[in-house]
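Please look over the model shown here before reading the briefing. The notes that follow are grouped by topic.

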Amino acid sequence: KNDVRDVFDGWALQDLDSELEIANSTCRRFLENDLRTLMNRSSDPPFSYLEFGSSNGWGIRYVTNLFPSCTRALGIDVSPRMTWKAINMFENPPHASFECSDILAYDPTEKFDVVFSFATLYYITPMEQLGSLIKNWVKPGGLFIAGTDFYTENDATSHWPSMMNLDMDRRSISEWRSLFQTFPLINIGHKLIAYHHLTSPTDHPTLFIW
């Protein structure tokens, strides 16, 4: 089997991160349309934001631009090359930073109001390993949100493990919900956001769960 770090280092060398940034329209729509609602904020008090699987940092830059009230943003990625690109290839706000770390090995010195991960958690097998760590990342009353296209009902992603030669944790929507119910979270919900180009019943939208 391949190592996740090596796979994404290779993607960074091939500039596939730029292609993925363009393709991740559902993630941008979720952040723009749903994050404020989930934070339950009628005003804009300061908040901190942690993103796992931050790639070249586009999500961090998007959130800090979208929410001026985001006063601290940290991106974590397992790939050294992706992390290097995030730091050196783009203009980042002064309150944004990036670190290279495996999720399970990440030992934070602070907790965050919002912890977000897109297209990342299923590389942890099994994902139950996250349960004991979430309390180290999320402030009391904070949010832990994941977005994924890799779920059982989405046949279009079933070939990903063999294509990348990686171990990946594939679950149904109900199994994702059951997993999150084992985590120390306040709210459990999910939403499906369709791509603008969905054209047939065999296409499936992105699953966001919290």
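**Strand pairing and sheet**

A73 has A96 of β3 as its opposite residue, strands being DSSP runs of E with at least two residues and helices DSSP runs of H or I with at least four, each numbered from the N terminus. This is a predicted model, in which local features need pLDDT of at least 70 and side-chain atom pairs count only at pLDDT 80 or more, whereas totals for chains, interfaces and linings use all residues. Residues are numbered from 1 along each chain as its sequence is written, and side-chain values use heavy atoms, with hydrogens and water left out.

*Pairing around β2*

- Strand β2 and strand β3 (residues 96–100) run parallel and are joined by five bridges, where two strands count as paired if DSSP finds at least two bridges between them.
- The chain passes from β2 through helix α6 (residues 80–88) to β3 in a right-handed β-α-β crossover, a term that applies if, with the strands pointing away from the viewer, the path from the first strand over the helix to the second runs clockwise.
- A right-handed β-α-β unit is made by β1, helix α5 (residues 58–66) and β2.
- Strand β2 (residues 70–77) is largely enclosed by the rest of the structure, because six of its eight residues are buried, that is, under 20% relative accessible area, while exposed means over 50% and partly exposed lies in between (1.4 Å probe, protein chains only).

*The sheet as a whole*

- Seven strands form an open sheet with mixed pairing, in the order β3-β2-β1-β4-β5-β7-β6.
- β3 and β6 (190–193) are the edge strands, each of which pairs on one side only.
- From one strand to the next the twist averages 15°, with axes taken as lines fitted to C-alpha atoms, for helices over the stretch in contact, and angles running from 0 to 180 degrees between N-to-C directions.

*Helices against the sheet and each other*

- Helix α5 packs on the sheet, where it touches β1, β2 and β3, and its direction makes about 170° with that of β2; contact here means heavy atoms within 4.5 Å.
- Helix α9 (residues 173–181) lies across β5 (138–148), β6 and β7, and runs at about 20° to β7.
- Helix α1 (residues 4–13) packs with α6 at an angle of about 40°, the two axes being 7 Å apart.
- That angle makes α1 oblique to α6, since angles under 35 degrees count as roughly parallel, over 145 as roughly antiparallel, 65 to 115 as roughly perpendicular and the rest as oblique.
- The residues of α1 that take part are R5, F8, D9, W11, A12 and L13, which meet P80, R81, M82 and K85 in α6.
- By class, the contact of α1 with α6 has six nonpolar, no polar and four charged residues, with Ala, Val, Leu, Ile, Met, Phe, Trp, Tyr, Cys and Pro counted as nonpolar, Asp, Glu, Lys and Arg as charged, and the others, Gly among them, as polar.

*Two individual residues*

- L207, in strand β7 (residues 206–209), is buried with a relative accessible area of 0%.
- Not counting residues up to four places away in sequence, L207 touches several residues, including A146, Y151, I173, W176 and L192.
- N40 sits in the loop between α4 (35–39) and β1 (47–52) and counts as exposed at 68% relative accessibility.
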